[in-house]
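Subject: Structure handover

Hello,

Here is the structure for you to look over. My notes follow below it.

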Amino acid sequence: MIHVNNWKQTTETTMQANRQNQSNLVYWPVLNPKRRNVTMVNNQDSEAAALNWRQHMCAVSENRDRAAFQALYLHFCPKIKSFYLNQGMTAMAEELTHEVFIKVWQKAASYNPEKANVSTWIFTIVRNLRIDYLRRKRLTEVSDEDTVEPGEEDTLDLDIELSRNKKKIHQVLNQLNEEQRHVLQKVYFEDKSHQLAAAELEMTPGVVKSRIRSALKVLRSQMGGE
Amino acid sequence: MKYHPDIEILLKYSSGQLEPSLAVAIGLHQQNCEECQQRISELESVGGETLETIHKVFKTQDSNVVDDFDKLFSDIEALPQDSYSGEYDNLAIAQSDIPLVDQLYNRRFEEIAWQRVAPKIWRASIAMNDPGYEVELLKFSANAKIPKHTHKGNEFTLVLQGDFSDHQDRYVEGEFIVQDQSNEHQPIAGKNGCICMAITNAPLKFTGTFGPILNWFNRQ
């Protein structure tokens, strides 16, 4: 059932891509020489890199391998700091990045290589520390309440069969074209205004909006909306 | 489960942009919904990709980075050796909201200071310090009729326990329902009663016979 649908989807997409090359409506990555510099990473390279980081992360969690941890640090630290800096958290970027790596070390055992790439797992830590920071800022603005540290003891075992799901992840996200992905990244994950995202992607804000709409539409249909 | 948060809410949630009140509701839904867990991890991988493709925006010497690492590692070595764990770490919510999520997820409803507002209806408001939304818990006895009401803005409902029905459908535990001002409805709690989390960006407006009284309560 799923296979039939996917096949149908692929055929349709290919057909649309052919048609839309002329009208310049993009449904599938269309190579635009001008925008080569923002072109996505080569799939094979990024797969190999992902595997590499996964091995590093497993070395950290299983053997508490300092060298592997340092390699992860050297690779991800500048990216994380830039991520925070880009979101205007100038004063906190350094401290939050430091905190991210403390968590990476502490939580290493909960990293499940079957479930996510290292970059995705680290992203969730980066994201949550940002949420905490913004929430803390609000709370101190509104009242002087102290935040309560929860004392959780048990490790949650996340050992579920997920390699099948991983395949699906790639399929779903691959349904988005390059522009749609970039727009989602900028507007949601990098928290940029439509204007700023538009400027960086060399589009008009109107195009940014319509790319978001079309991306949501694709995701809705792919992930099974309501 | 039939009623799930829309992909746009999940996108805001996964990227850490969702308002705290809604994030708590989505986090609770996520705990109970494998389908949304799946969707959320898909969206999070866009976050991972964002991180991976980001360009460095500051200048630094490589030697500084190594020094920073040494400092980091000495901080780590100074930490207690206990194994770290956090049950709700996978949720995109603030640490400070975890006690609330834990209480609701484990259904410790007896701890809540319920306030009776009408026969068979209790409520308790939750202080979230979320400027955008008001959060309250509503508790209905078995088969309680919830007075007819409309919503000025959007109302997000998460069914925490039991179920309720309206003219459109029956809503069960874990479901996340969105209603806007165009939905005037008169829900009825199921045979085991119902506890919901209701998130509104404007107060409910009751329209039935008890309307004026309930609206007065609502302003309290």
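A nonpolar core here is a set of buried Ala, Val, Leu, Ile, Met, Phe, Trp, Tyr and Cys residues joined through side-chain atoms within 4.5 Å. Buried means under 20% relative accessible area, exposed over 50%, and partly exposed in between (1.4 Å probe, protein chains only).

Two notes on the source. This is a predicted model: local features need pLDDT of at least 70 and side-chain atom pairs count only at pLDDT 80 or more, while totals for chains, interfaces and linings use all residues. Residues are numbered from 1 along each chain as its sequence is written, chains are lettered from A and ligands numbered from 1 in the order in which they are written, and side-chain values use heavy atoms, with hydrogens and water left out.

Cores

The largest nonpolar core has 99 residues. Phe69(A), Tyr84(A), Ile122(A) and Met197(B) have the most contacts inside it. In chain B, domain 1 (7-105) and domain 2 (109-218) both give residues to this core, so it lies between them. The domain bounds come from an automatic or database domain assignment. A second, separate core has 16 residues, including Tyr3(B), Val117(B), Phe164(B) and Cys194(B).

Tyr84(A) is buried, with a relative accessible area of 0%. Beyond its neighbours within four places in sequence, Tyr84(A) is in contact (heavy atoms within 4.5 Å) with residues including Met89(A), Leu96(A), Val126(A) and Arg130(A).

Aromatic pairs

Rings of Phe, Tyr and Trp (its six-membered ring) pair if their centres lie within 6.5 Å; planes under 30 degrees apart count as stacked, over 60 as edge-to-face and the rest as tilted. The whole structure holds 18 aromatic pairs over all chains. In one of them, Phe83(A) and Tyr84(A) have ring centres 6.1 Å apart and planes at 70°, so the pair is edge-to-face. Phe83(A) is buried, at 3% relative accessibility.

Tyr88(B) and Tyr105(B) are also edge-to-face, because their centres are 6.2 Å apart and their planes at 85°. Tyr88(B) lies in the loop between helix 4 (62-77) and helix 5 (98-105) of chain B, and Tyr105(B) in helix 5, so the pair ties together parts that are 17 residues apart in sequence. Helices (H or I, at least four residues) and strands (E, at least two) are DSSP runs, numbered from the N terminus. Tyr88(B) is buried at 2%, while Tyr105(B) is partly exposed at 28%.

Ring pairs also link Phe69(A), Tyr73(A), Phe101(A), Trp105(A), Phe69(B) and Phe73(B) into a cluster. Arg64(A) lies over the face of Trp105(A), 4.1 Å from the ring centre. Arg66(A) lies over the face of Phe73(B), at 4.4 Å.

Strand 5 of chain B

Strand 5 (residues 155-165) is mostly covered, with 9 of its 11 residues buried. Strands pair if DSSP finds at least two bridges between them. Which strands does strand 5 of chain B pair with? Strand 7 (residues 176-179) joins it antiparallel through 4 bridges. Strand 8 (residues 188-200) is antiparallel to it over 9 bridges, with Phe156(B) and Ile199(B) as bridge partners. Strand 6 (residues 170-172) is antiparallel to strand 5 through 3 bridges. Strands 5 and 6 of chain B form a hairpin with 4 residues between them.

Best wishes

Technical notes. A charge sits over a ring if NZ of Lys or CZ of Arg is within 6 Å of the ring centre and within 35 degrees of the ring normal.
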